[in-house]
Amino acid sequence: MRYRERPKQSLRSATDECARVIWVMAALPLLLLVMGQPVFIVLLASAACALLWMLPIPPVAAHQILFGSLDTFALLAVPFFIFAGGIMGQGGLSKRLVNWVLAFVGNLRGSLALTSVGTCTVFGAVSGSSPATVAAIGGVLYQPLREAGYPRGFSGGLLASSGAIASIIPPSIAMILYGYAADQSVSDLFIAGIVPGILLGLALTLYIALQAMRWHLEEGGRFAWAVVWRTTIDGMWALGMPAIVLGGIYGGVFSPTEAAGIACAYAIFVTMGVYRELNWKGLWQVAIQSTQLTAQIMVIVAAAGLFSYILTVQGVPQSLTRTIGGLELSPWVLLLLLNVVLVMVGCLLDPASAILVLTPLLLPLITAAGIDPIHFGIIMTVNLSIGMFTPPFGLNLFISQALFDIDLIELYRGVLPFIVISLAVLGLITYLPLLSLALLR
């Protein structure tokens, strides 16, 4: 059927149509989310309604936009890092990382809890995935934490919140997606995330040390260089992965996407050829799981691309910029407002969906306010990472409940102190840009 152009509209009718599109793109997604529909269905259904009934754009354009959203080299890093993280979790690398960190802090009060934070930081430096980190490290450390006398809620809350560091410490899947959506350098985002990720880990460590003194925990033995040496030799191949991946990226040897492919090859070689804890059947299962998770992310990327395209065509980002600009908010007030919005969104949506939908809307705002896009990328990533373990719908909470069999209300209580600490760190990251930008400069 031949597509017929619509007659030219008056300014008022065009404005009314734009308003209708905005209502469809706001009210319908909210209704579908309340009904419990998957995020990609929410985005596709809303975009399809606007495209078919309200916009003078041929429907065939939807196919081109959907597939065009996936046609970018940077997105190749996502399945590679997911696959590498799965291999690490199944092939014994996570267990060796735990033993290595525990050798350094085993003589301290709260050593197991401190090990959780340290291992999640190291594991996140390769996997880039918060849920994968919770599953891999939590499966090794939850029972030892309980046997050492830690409360159930605290143990689950600790692992759920520590896993969020993986979204901040590079390489981060969330940063890759933000770099794609905002057209920013992924390598610069990785460098900018180093100090904020370490700062969050140190804040959690301080809280754990204070709680361990309060509970009079006496776990762990004496520090011994022999133990450190033994665990270092045993985990040398596991420790080599973050060194190769991050060293290669920051040394300019290869790009983040190439580093992700090298991480997969290295993980397969170590787990199957050196440690021999993963066979071909196990590798096949990891590949299936990684493929399923990659498909979940990529279908959201495609749907969000179509959704963002329609918003952009209708001038929604520009209208939003003009509206908020008319309020004459100072940059620090604007950042405070955006932090509140992003934390609320992070409670409801996974980071991939939130980044891909919100970045095209918010980027003009922060650019007009003179805020560095790299700095804002770190702010957004930290916000959405906190949302991963914020009640009621944080993804890490559901993963922790399923893995550790904890009552959800008890888990909510256990995670609250970690939310408060993370929000305090977020405030520092937001209003001290040098924490993110110093290494770049």
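# Close-up views of a helical chain

**View 1. Asp 183 counts as exposed, at 70% relative accessibility.** Exposed stands for over 50% relative accessible area, buried for under 20% and partly exposed for values in between, found with a 1.4 Å probe on protein chains only. The structure is a predicted model, in which local features need pLDDT of at least 70 and side-chain atom pairs count only at pLDDT 80 or more, whereas totals for chains, interfaces and linings use all residues. Residues are numbered from 1 along each chain as its sequence is written, and side-chain values use heavy atoms, with hydrogens and water left out. Asp 183 belongs to the loop between H9 and H10. Helices such as these are DSSP runs of H or I with at least four residues, strands are runs of E with at least two, and both are numbered from the N terminus. The phi of Asp 183 is positive, about 55 degrees, although this residue is not a glycine. Most residues other than glycine have a negative phi.

**View 2. The chain as a whole has 22 helices and 0 strands.** Of its 441 residues, 52% are buried. Contact means heavy atoms within 4.5 Å. Among the contacts in the chain with a separation of 6 or more, 79% join residues 24 or more positions apart.

**View 3. Ser 172 sits in the loop between helix H8 (152–162) and helix H9 (173–182).** Is this residue Ser 172 buried or exposed? Ser 172 has a relative accessible area of 1% and is therefore buried. Two backbone atoms make polar contacts with its side chain; a polar contact is a pair of N or O atoms within 3.5 Å, and within protein one must be able to donate a hydrogen and the other to accept it, while residues adjacent in sequence count only if both atoms are side-chain atoms. A polar atom of the Ser 172 side chain lies 2.6 Å from the backbone oxygen of Ser 167. The backbone nitrogen of Ala 174 is 3.3 Å from a polar atom of that side chain.

**View 4. Helix H5 (residues 93–105) packs with helix H13 (residues 236–250).** Two packed helices are described by the angle between their axes and the distance between the axes. Here the angle is about 95 degrees and the axes are 8 Å apart. Axes are lines fitted to C-alpha atoms, for helices over the stretch in contact, and angles run from 0 to 180 degrees between N-to-C directions. H5 and H13 are therefore roughly perpendicular to each other, a class that covers 65 to 115 degrees, whereas angles under 35 count as roughly parallel, over 145 as roughly antiparallel and the rest as oblique. From H5, Leu 93, Leu 97 and Trp 100 meet Ala 238, Leu 239 and Met 241 of H13. The residues of this contact of H5 with H13 comprise 6 nonpolar, no polar and no charged. Nonpolar covers Ala, Val, Leu, Ile, Met, Phe, Trp, Tyr, Cys and Pro; charged covers Asp, Glu, Lys and Arg; the others, Gly among them, count as polar.

**View 5. Helix H14 (residues 256–274) has 19 residues.** The expected span of a helix is 1.5 Å times one less than its number of residues. The buried residues of H14 include Pro 256, Ala 260, Tyr 266 and Met 272. Which helices cover the buried residues of H14? Among them are helix H4 (77–90), H5, helix H10 (186–192), H13 and helix H15 (280–313). Arg 276 follows H14 and lies in the loop between H14 and H15. Its phi is positive, near 55 degrees, in a residue other than glycine. At 65% relative accessibility, Arg 276 counts as exposed.

**View 6. Helix H19 (residues 373–387) is mostly covered, with 14 of its 15 residues buried.** At the start of H19, a side-chain oxygen of Asp 372 comes within 2.7 Å of the backbone nitrogen of Ile 374.

**View 7. Helix H11 (residues 194–215) has 22 residues.** From its first C-alpha to its last, H11 reaches 32 Å, close to the expected 32 Å. Leu 200, Leu 204, Tyr 207 and Gln 211 are among the buried residues of H11. Just after H11, His 216 takes a positive phi of about 60 degrees.
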